[in-house]
Each structure stands twice: as structure tokens, then as C-alpha cells.
Amino acid sequence: MANKLVTLGLQGGGSHGAFTWGVLDRLLEDGRIDIQGISGASAGSMNAVVLAHGFTVGGRDGARQSLKDFWEAVATNTPLAGIAENSTIPRGGEAADGSGPPALKAFLFMTRFFSPYQLNPFDINPLRDILQRQVDFERLRADCRIKLFIAATRASTGTLRLFGTKELTLDALLASACLPALHHSIEIDGEAYWDGGLTANPPVLPLFHQCTANDLILILLQPAPSPQTPSSADEISHRLTEISFSSALSTELRGLVGAKQEAERGLFAFGRLDRRLRRFNFHLIDAQEFMSRLSTLSKANTDAAFIGALRDEGRQRADSWLVDNFRHLGERSSCRVEHLLR
């Protein structure tokens, strides 16, 4: 039996992207799914590029090993971890919500009052060193068969820039994960870029228009909707951040889902676009309840145990999804599209 051809949309979310690592590891291990294209922003783009490079070098096993190497390096070489380790602020154990030790919280608190140009004037970024060691961008551009769509945001206009497989460089990937409160902007050809999650988290339309696979699997990191309205300054700030990193996806999905529903209302599909919309299926792997138990600050927590717990949760969720929904690939959506628009 032929493998199922899919595309993947990988959401960003800092260290919560280790959940996506777990999902991808299980899907690659299963071996019944072929990946035609991947879109990503921020941590999602890291997972996309690292997987694609590993697959280019060593197939499925190479992709799994590449993801493992990347996240294990992140767990021991991140700038925030170094600050927390060397801080004079008293350290304690891990918080129940995954937010990390007091030194990490103190540093993140400081970002409300000081820019990254003040807190990190030399723009030290161990992530650059990790990617330089692990990803051969020249080979990726030349040999990678997976279509990549990596999102970044133009700082000057707030508009989306997509970097395709043939355009990918180290700077393009770092631009996709450049949080303006934590990192210096990344300049490419005279243009300054910020985190891609601000304008597409992840990009969806390129997977529809530039790929032929009829099944899109979204791997999302957002928490379950909260019935409570934020009231404190801290809660309001965190919710505004969540909204800014999810609104673009909602807009893209709403347009695509609406077009699909309109195409399905007709008795006949005369045009190529109508036929494509009718055949297009949505699938979702997430862990909303699990993510709801984690604080927003935990996205900066790269403790190895925390990263491992996220990976394990991702593998478990993917395993359950395969059991329940693999048979739907190529046939129909396995999630209610209305659920994606809540």
C-alpha cells in the first residue's frame, strides 16, 4: 500500500516546540506518511528545517536523529539558561507550571523595561552556533526535496516574508525565531526581520497553493480557550501576546475553510480550484489541556527534563492520532474545521 502524502503546518511557541519534536518523531517512526511540504514560524521553523535537513542527509532515521540532536543541544546551550545559571538571584526548583527557576523569571521580567540591545549588546545567540554546527544550508538548498515555507516578519512594515527551500540561509531561519523583546533584529539584504509568528503561525496558504498533497496536518501549541477574562496587568499582557501569535493563523484558516465550504455547496465542481478545495482535508494534533497547565514563561524554559516531558507528550498525542485518524488521510478531514476557528 502506498504511503499517504501530507503537508505539515508547525506552530511556534518557544521551548513548547519540543512537543512538536515528539509528534514528528512518532510520525517519522511510523513510516506510512510521506511529507511533501512543511511550513513553520519560530520554533516551528526550527523543527521544519532541522527535519528537512536530516531527511535530506539520512532519510527518516536521519530526520529523527537531527531533531533529537537539535533539541538536546537547545536544552544545554541556550542564552537564558546561561543567564539563570550565572545569576546572583537565588535559584530554586522547577515550578509546577514549567515556568522555570527564579533567575529565568527575573530575566524575562527585565525584558519589559530594557531592550535586547541593552540586555545583550553583543547579540550573543547560542542558537546560531547550534544551527551552524547541525545544518548544512548549502546542501539543504541544493538537495532537499521537501518544500519549506519559513515565515519571518518585516520589522519596517509588519508584513509577512516567506523563505522557500531555495532561499534558506542561517539568517533566514534565525529571523523566523527573532523575538523582538529578546533578540536583535536579523538583517537580510538591508531589511530587518522579526519573529514569523507575528504574521503567520504557521503559514497555511502556501501548503494549499504550492503543494499537491490533499491532507494538511496542523501541529499546534496553543492552550485551550479560557473562559476567564484577564484582569491583572500580567494576565492581560500574556493574553495579548497569545492573540498576536494566533490571529494570523485564524485569518488564513477562516478564508480557506470558508472557500472549502462554498465549494462543497455546489452540485458540481467545474474549476480546478473548486476540485482542489473539495479534496482538501484538515487534520489536527495538539494538546490544549496539557498546554493550559503551563505558564507563558515556560516557553523560555529549556531545562532538559521539561523538554523531555514535552517530547513525550507529543509522541503520545501523535500515537493516539495515528490510531484514531490515520485511516482518514486521503478520505476526509479528521477534525471539525469549526474547531480550528474557535
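Mentor: Gladly! The accessible surface of the chain comes to about 16,000 Å², and 53% of that belongs to carbon and sulfur atoms. Keep in mind that this is a predicted model. The chain has 15 helices and 8 strands, and 49% of its 342 residues count as buried.

Trainee: Why is Gly 314 called buried?

Mentor: Buried means under 20% relative accessible area. Gly 314 has a relative accessible area of 0%, so the label buried applies. Gly 314 sits in helix α14 (residues 304-325). Leaving aside residues up to four places away in sequence, Gly 314 touches Phe 19, Gly 22 and Val 23.

Trainee: What makes strand β1 (residues 4-10) largely enclosed by the rest of the structure?

Mentor: The count of buried residues does: 5 of the 7 residues of β1 are buried, so the strand is largely enclosed. For β2 the count is 7 of the 9 residues, so that strand too is largely enclosed by the rest of the structure.

Trainee: How do you know that β1 and strand β2 (residues 33-41) pair?

Mentor: Pairing needs at least two bridges found by DSSP. Here 7 bridges join β1 to β2, and the two strands run parallel. Val 6 has Ile 35 in β2 as its bridge partner, and Lys 4 has Ile 33. Between β1 and β2 the chain passes through helix α1 (residues 17-30), in a right-handed β-α-β crossover.

Trainee: What makes the contact between Arg 315 and Asp 25 a salt bridge?

Mentor: The rule asks for a side-chain nitrogen of Lys or Arg within 4 Å of a carboxyl oxygen of Asp or Glu. For Arg 315 and Asp 25 the N to O distance is 2.5 Å, and the pair qualifies.

Trainee: What joins Asp 319 and Arg 26?

Mentor: A salt bridge at 2.9 Å, N to O. Asp 319 is in helix α14 and Arg 26 in helix α1, so this pair ties together parts 293 residues apart in sequence. Asp 319 is partly exposed, at 33%, while Arg 26 counts as buried at 15%. Another salt bridge, also 2.9 Å from N to O, links Asp 312 and Arg 311. Salt bridges that share partners join Asp 25, Arg 26, Glu 29, Arg 64, Arg 315 and Asp 319 into one network.

Trainee: Why is Ile 243 called partly exposed?

Mentor: Ile 243 has a relative accessible area of 45%, so it is partly exposed. Ile 243 is in helix α10 (residues 233-244). With Ile 236 and Leu 240, Ile 243 forms a nonpolar surface patch of about 270 Å² of accessible area together.

Notes
Residues are numbered from 1 along each chain as its sequence is written. This is a predicted model: local features need pLDDT of at least 70, side-chain atom pairs count only at pLDDT 80 or more; totals for chains, interfaces and linings use all residues. Side-chain values use heavy atoms; hydrogens and water are left out. Patches are made of residues with over 30% relative accessible area and no salt bridge: like charges are joined within 9 Å, nonpolar side chains (Val, Leu, Ile, Met, Phe, Trp, Tyr) within 5 Å. Accessible areas come from the Shrake-Rupley method with a 1.4 Å probe; for residues, only the protein chains shown count as cover. Helices (H or I, at least four residues) and strands (E, at least two) are DSSP runs, numbered from the N terminus. Buried means under 20% relative accessible area, exposed over 50%, partly exposed in between (1.4 Å probe, protein chains only). Contact means heavy atoms within 4.5 Å. A crossover is right-handed if, with the strands pointing away from the viewer, the path from the first strand over the helix to the second runs clockwise.
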